[in-house]
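This note sets out several points on the domain arrangement and the sheet, for discussion alongside the coordinates.

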Amino acid sequence: MSGPKTVTLPKLDYPLNGLEPYISESIMNLHLNFHHANYVKGYNAAIEQAVDYSAKGEVPKVVEVQRAINFNGGGHVNHSLFWKNLAPTSQGGGKAPPADSALAKQINQDFGSLNELIAETNKKAAGIQGSGWAWIVKNKTNGTIDVITTANQDVVPPSFVPLVGVDCWEHAYYLDYKNAKAKYFEAIWNVINWEEAAKRYSQ
């Protein structure tokens with residue numbers, strides 16, 4: 001009988017210094033190789049514990065360890081999406097989706113312009129109390145685009161497709177921007193991979 005399926009730290013499509021000057025190599029190294037790595041380690045340990053507790057019929061412990069599975073698993077899922085929706089400017093980071101793309105047309109229909117969508121996302125991000133994420137999402141039911149937030153490492157609800165995620169945890173920006181997180185929210189759009197967002201929208 002095979003054991004539980006574990007997860008691994010993803011490899012980036014760009015070097016750690018590829019997002020400079022908007023996101024430094026130092027913070028990328030800390031964010032990926034320590035914070036994200038800890039989510040991977042925590043999830044793998046928790047999922048193995050859950051299998052062990054379940055085999056022993058220790059239901060209260062299975063319920064308790066589910067919290068660690070949700071938190072660390074969510075951290076892994078969210079960050080894996082996050083790395084993919086970033087790109088160096090030399091690889092198209094910050095370049096708006098083509099005007100004739102399905103994504104661009106829907107953005108214009110729902111928000112008026114890409115700049116208005118970015119402004120709304122930054123507004124929602126700034127309003128997060130504590131830690132969390134701001135997401136540009138596609139509604140699976142009708143294809144419209146919306147901006148939502150999730151707390152801590154909660155994942156995007158299944159009724160939405162995550163197109164772009166902005167990590168609003170302090171570890172995502174503090175080394176570079178200190179307490180001026182609004183500057184981080186402004187800067188990150190210079191390295192957002194709209195090509196990846198367009199692919200997600202069309203899936």
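1. The domain bounds used here come from an automatic or database domain assignment. The model itself is predicted. The assignment gives domain 1 as residues 25–87 and domain 2 as residues 90–202. The C-alpha centres of domain 1 and domain 2 are 23 Å apart, and the contact draws on 19 residues from domain 1 and 27 residues from domain 2.

2. The size of an interface is often given as the accessible area lost when the parts come together. Between domain 1 and domain 2, about 1,800 Å² is buried, with 64% of it on carbon and sulfur atoms. Ile-27, Asn-85 and Ala-87 contribute 34% of the area that domain 1 buries against domain 2, more than any other three residues.

3. As to polar features, there are zero salt bridges between domain 1 and domain 2, whereas ten residue pairs are in polar contact, both residues at pLDDT 80 or more. On the side of domain 1 that touches domain 2, helix H1 (25–55) and helix H2 (59–84) each supply at least two residues. The largest share of that side, ten residues, comes from H2.

4. Three strands make an open antiparallel sheet in the order E2-E1-E3. Strand E2 (145–151) and strand E3 (160–167) are the edge strands, each pairing on one side only. From one strand to the next, the twist averages 30°.

5. Strand E1 (residues 132–139) pairs with E3 in the antiparallel sense over seven bridges. Trp-133 has Asp-167 in E3 as its bridge partner. Helix H3 (residues 102–111) packs on the sheet and touches E2 and E3, its direction making about 85° with that of E2. Helix H7 (residues 194–202) also packs on the sheet, touching E1, E2 and E3, and its direction makes about 160° with that of E3.

Technical notes. Residues numbered from 1 in each chain as written. Predicted model: local features only at pLDDT ≥ 70, side-chain atom pairs only at ≥ 80, totals over all residues. Heavy atoms only, no water. Pairing = 2+ DSSP bridges. Helix = DSSP H or I, 4+ residues; strand = E, 2+ residues; numbered from the N terminus. Axes fitted to C-alpha atoms, helices over the stretch in contact; angles between N-to-C directions. Contact = heavy atoms within 4.5 Å. Buried area = accessible area lost by both parts, 1.4 Å probe. Salt bridge = Lys/Arg side-chain N within 4 Å of Asp/Glu carboxyl O. Polar contact = N/O pair within 3.5 Å; in protein donor to acceptor, adjacent residues only side chain to side chain.
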